[in-house]
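I opened the model to look up its aromatic rings and its confidence. My notes follow.

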Amino acid sequence: MHYAVTNRLVIKEVMEGGVTLATQTSFLVRLRTKLFEHRGLLVTFMGIFCFASQSILVKLLKDEVPVIELICLRFSIQGFCSFVYGIGSGMQFRIQSKREALLLLVRVSGGLATMLLLYYAMFNMSVAMAVSIVFGAPVFVGIFAWIILKEPFLWRDIILVALNLAGVVLIAQPPFLFRSERLDSAKKTELLAVVAAVSAMLLAALTFISIRLLGLINCSVSKMIFYYSVAGTVVPAIAGLAMQNWVVPTCGTPRYFIIMIGILNFVYVSFLSYGLTTAKKSYFVSIVNSSQIPLTIILEIFILHEIPNWISLLGAGFVIGSALGVVFREGALAKTKTMNRDQQEDERVQEEEDVNEQFRLQTDTRGECSTGEQ
């Protein structure tokens with residue numbers, strides 16, 4: 001009797017263990033499926049972390065390397081990575097047309113000037129606030145698209161531009177609006193850095209237009225990155241030699257930081273491109289991309305020990321809100337276009353069915369008439 005009870009208990013424990021194991025396996029399968037479905041967003045977030053990390057590294061090299069030399073070394077490393085990737089993926093390096101060459105020139109020139117101004121802003125103001133200002137570039141894309149591509153510019157876009165400009169003013173905190181701020185040499189340098197960041201934002205918006213036009217002529221992202229990296233290596237090198245503003249980085253940490261900046265930026269661009277191509281909806285990637293500002297603020301607090309005041313944080317929030325407004329607007333427009341396209345398709349199918357039904361009725365009527373005549 002005791003032996004039978006023991007056997008039943010053992011069987012029960014084995015069955016319960018099997019159920020638990022099956023439940024755990026099912027949970028792992030569901031988790032793996034969800035991660036695979038949202039791999040684009042996860043990869044984008046990892047790329048954003050790389051961007052925030054390289055922004056902090058740029059700030060740490062302020063007193064070690066001139067900004068032009070830092071840009072040159074960063075692009076040389078990025079160009080080497082993109083060249084290796086292009087060789088492995090069979091990328092066509094040759095420019096196909098004059099239009100592609102012109103658009104690549106605009107993209108390279110605008111992107112290089114944007115990077116120079118952004119690095120100058122990072123050197124002379126809060127890294128997170130500089131990134132916040134440049135992050136508002138999509139808001140001004142609407143203005144350039146209205147001017148260049150003749151796209152509509154609605155009252156909602158005007159509100160988003162006003163919100164973005166209000167955020168920039170709160171980040172800059174000019175003394176003529178904020179009486180608590182003194183116009184000393186440090187404040188003048190910071191205001192000049194804000195002007196550089198705003199200029200970088202406008203140039204980045206113009207660069208987005210050129211990237212969009214390059215996408216319309218089927219120019220690959222790898223080719224854009226490669227030529228961008230080549231120009232970013234050659235032009236700063238010539239400028240640095242002409243101004244005799246070239247130093248050899250000291251051994252140890254500065255050299256490692258420069259290498260990490262180039263690699264992290266290449267990873268960021270590659271991961272963002274992968275996220276845009278694999279995510280179900282591209283504006284989800286844009287929403288995830290907005291987390292670069294909080295990540296940069298957190299890293300700046302813990303690594304650089306710089307804590308922005310609440311007014312600057314409010315301004316950063318305004319900039320993020322304006323950029324997210326653009327994202328949601330684009331999502332709504334895409335949804336409306338999809339609904340209209342589906343409605344047109346349904347109407348076309350209904351018209352074809354009506355024509356077929358009318359033809360069938362005419363055929364039946366003719367058959368009946370032929371039968372009556374016989």
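Which residue lies over the face of Y228? I found R107 there, 4.1 Å from the ring centre. My rule for a charge over a ring: NZ of Lys or CZ of Arg within 6 Å of the ring centre and within 35 degrees of the ring normal. I also noted R74, whose charged end sits over the ring of F75 at 4.6 Å from its centre.

This is a predicted model, so I took local features at pLDDT of at least 70, side-chain atom pairs at pLDDT 80 or more, and totals for chains, interfaces and linings over all residues. Residues are numbered from 1 along each chain as its sequence is written, and side-chain values use heavy atoms, without hydrogens and water.

Next, confidence. Mean pLDDT (the predictor's confidence in each residue, from 0 to 100) is 76 for the chain, and 79% of the residues score at least 70. Helix 1 (residues 2–37) has the lowest mean, 56, and helix 4 (residues 98–124) the highest, 87. I took helices as DSSP runs of H or I, at least four residues, numbered from the N terminus.

Then ring pairs. I counted four aromatic pairs, with ring centres of Phe, Tyr or Trp (its six-membered ring) within 6.5 Å; planes under 30 degrees apart are stacked, over 60 edge-to-face, the rest tilted. F51 and Y268 are tilted, at 4.9 Å centre to centre and 40° between the planes. F51 is in helix 2 (residues 39–60) and Y268 in helix 10 (residues 253–278), so this pair ties together parts 217 residues apart in sequence. Both F51 and Y268 are buried (under 20% relative accessible area; exposed is over 50%, partly exposed in between; 1.4 Å probe, protein chains only).

Key: Helix = DSSP H or I, 4+ residues; strand = E, 2+ residues; numbered from the N terminus.
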